[in-house]
Amino acid sequence: MIRTILFDLDGTLADTAPDLGFALNELLREHGKAALPFDRIRPVASHGARGLIELGFGVVPDDPTFAALRTRYLDLYKANLARETRLFPGMAELLGTIRARGMNWGIVTNKPAFLTEPLVEQLGIRAGASAIVSGDTVPNRKPHPEPMLLACRAAGSDAVQCLYVGDAERDIAAGRNAGMKTLVALYGYIGADESPDKWGADGMVRRPSEILDWIARE
């Protein structure tokens, strides 16, 4: 029986793409480059600074210019964390219902803690979370099971009592590696060239309100 629901942050719990994209376009403008349209940025938002810098500048981490671009990008993003970021429609109601039913919830994200912590505070959800595990909380990041299992312990549940909801293939892999049930958030940042039906998840949902319906059917 599911006791704890764990969420990825970007593209699953909160719609962060507008502010991630704003920071990227500010960085592009600083370098004399044209801003990118939002429909190109949104599918890449779950891949964080690395994916967005590659999208905007065509450079990867081993490029000598990458580190400086990443540092400046993160500075710009931190200054605009909750400019337009909001919980996805229906998510606030879902979190309240989870608590009302005697369950709990938490967050496992690859976002570094210096961004995760102020963001969840600004979204007003910090107090309700039984676990918040960021990308640098433990040595390994998703898809490794280590952050997932830490979140389970913090929430007081075994892995088999946990459901992980995410919008990227690494999210599903992380949940499966930890021995959890997994759901794909189809409303998240999934590119047209991706095939979430092949990720091996236990199910897929098109809106947050469907998560508890899925649990009830299991």
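Buried here means a relative accessible area under 20%, and at 1% relative accessibility Tyr 189 therefore counts as buried. The views below are all drawn from a predicted model.

View 1. A search of the whole structure finds three aromatic pairs. Tyr 73 and Tyr 77 are both buried.

**View 2. The tilted pair of Phe 88 and Tyr 189.** The centres of these two rings lie 6.3 Å apart with their planes at 55 degrees, so the pair is tilted. Phe 88 is placed in the loop between strand E3 (86–87) and helix H5 (91–100), whereas Tyr 189 is placed in the loop between strand E7 (181–185) and strand E8 (203–205), so the pair ties together parts that are 101 residues apart in sequence. Phe 88 has a relative accessibility of 7% and therefore counts as buried, and Tyr 189, at 1%, counts as buried too. Together with Tyr 187, Phe 88 and Tyr 189 make up one aromatic cluster.

**View 3. The charged end of Arg 83 over the ring of Phe 22.** In this close-up the charged end of the Arg 83 side chain sits over the aromatic ring of Phe 22, at 3.7 Å from the centre of that ring.

View 4. When residues up to four places away in sequence are not counted, Thr 4 touches Asn 104, Ala 155, Ser 157, Gln 161, Cys 162 and Leu 163.

**View 5. The largest pocket and its lining.** The largest pocket has a volume of about 390 Å³. It is lined by 22 residues, of which His 47, Gly 48, Ala 49, Asn 110 and Arg 141 are the closest to its centre. Helix H3 (48–57) and helix H4 each supply at least two residues of this lining.

**View 6. Glu 54 on helix H3.** Glu 54, which lies in helix H3, has a relative accessibility of 40% and counts as partly exposed. Leaving out residues up to four places away in sequence, Glu 54 touches Val 59 and Val 60. The C-alpha atoms of Glu 54 and Phe 66 are 8.8 Å apart in space, and the two residues are 12 residues apart in sequence.

**View 7. The cis peptide bond from Lys 142 to Pro 143.** Most peptide bonds are trans. The bond that leads from Lys 142 to Pro 143, however, is cis, with omega near 15 degrees. Pro 143 is found in the loop between strand E5 (131–133) and helix H7 (146–155).

**View 8. Thr 116 and Glu 117 in helix H6.** Thr 116 has its place in helix H6, residues 113–123, and is buried, with a relative accessible area of 0%. Apart from neighbours within four places in sequence, Thr 116 is in contact with Leu 9, Thr 109, Lys 111, Ile 132 and Ser 134. Glu 117, also placed in helix H6, is partly exposed, with a relative accessible area of 29%. Glu 117 touches Arg 126 and Ile 132, again not counting residues up to four places away in sequence. Between the C-alpha atoms of Glu 117 and Ile 41 the separation is 24 Å, and these residues are 76 residues apart along the chain.

**View 9. Ala 154 in helix H7.** Ala 154 is found in helix H7 and is partly exposed, with a relative accessible area of 48%. Neighbours within four places in sequence aside, Ala 154 is in contact with Ser 130 and Ala 131. Ala 154 and Gly 106 are 48 residues apart in sequence, while their C-alpha atoms are 8.9 Å apart in space.

Technical notes: Residues numbered from 1 in each chain as written. Predicted model: local features only at pLDDT ≥ 70, side-chain atom pairs only at ≥ 80, totals over all residues. Heavy atoms only, no water. Phe/Tyr/Trp six-rings, centres within 6.5 Å; stacked < 30°, edge-to-face > 60°. Buried < 20%, exposed > 50% of the residue type's maximum accessible area, 1.4 Å probe, protein only. Helix = DSSP H or I, 4+ residues; strand = E, 2+ residues; numbered from the N terminus. Lys NZ or Arg CZ within 6 Å of the ring centre and 35° of its normal. Contact = heavy atoms within 4.5 Å. 1 Å grid on protein atoms, 1.4 Å probe; cavity = no way out; pocket = protein on both sides within 12 Å on 5 of 7 lines; lining within 4 Å. Points joined across faces, edges and corners; volume = space filled by probe spheres on them.
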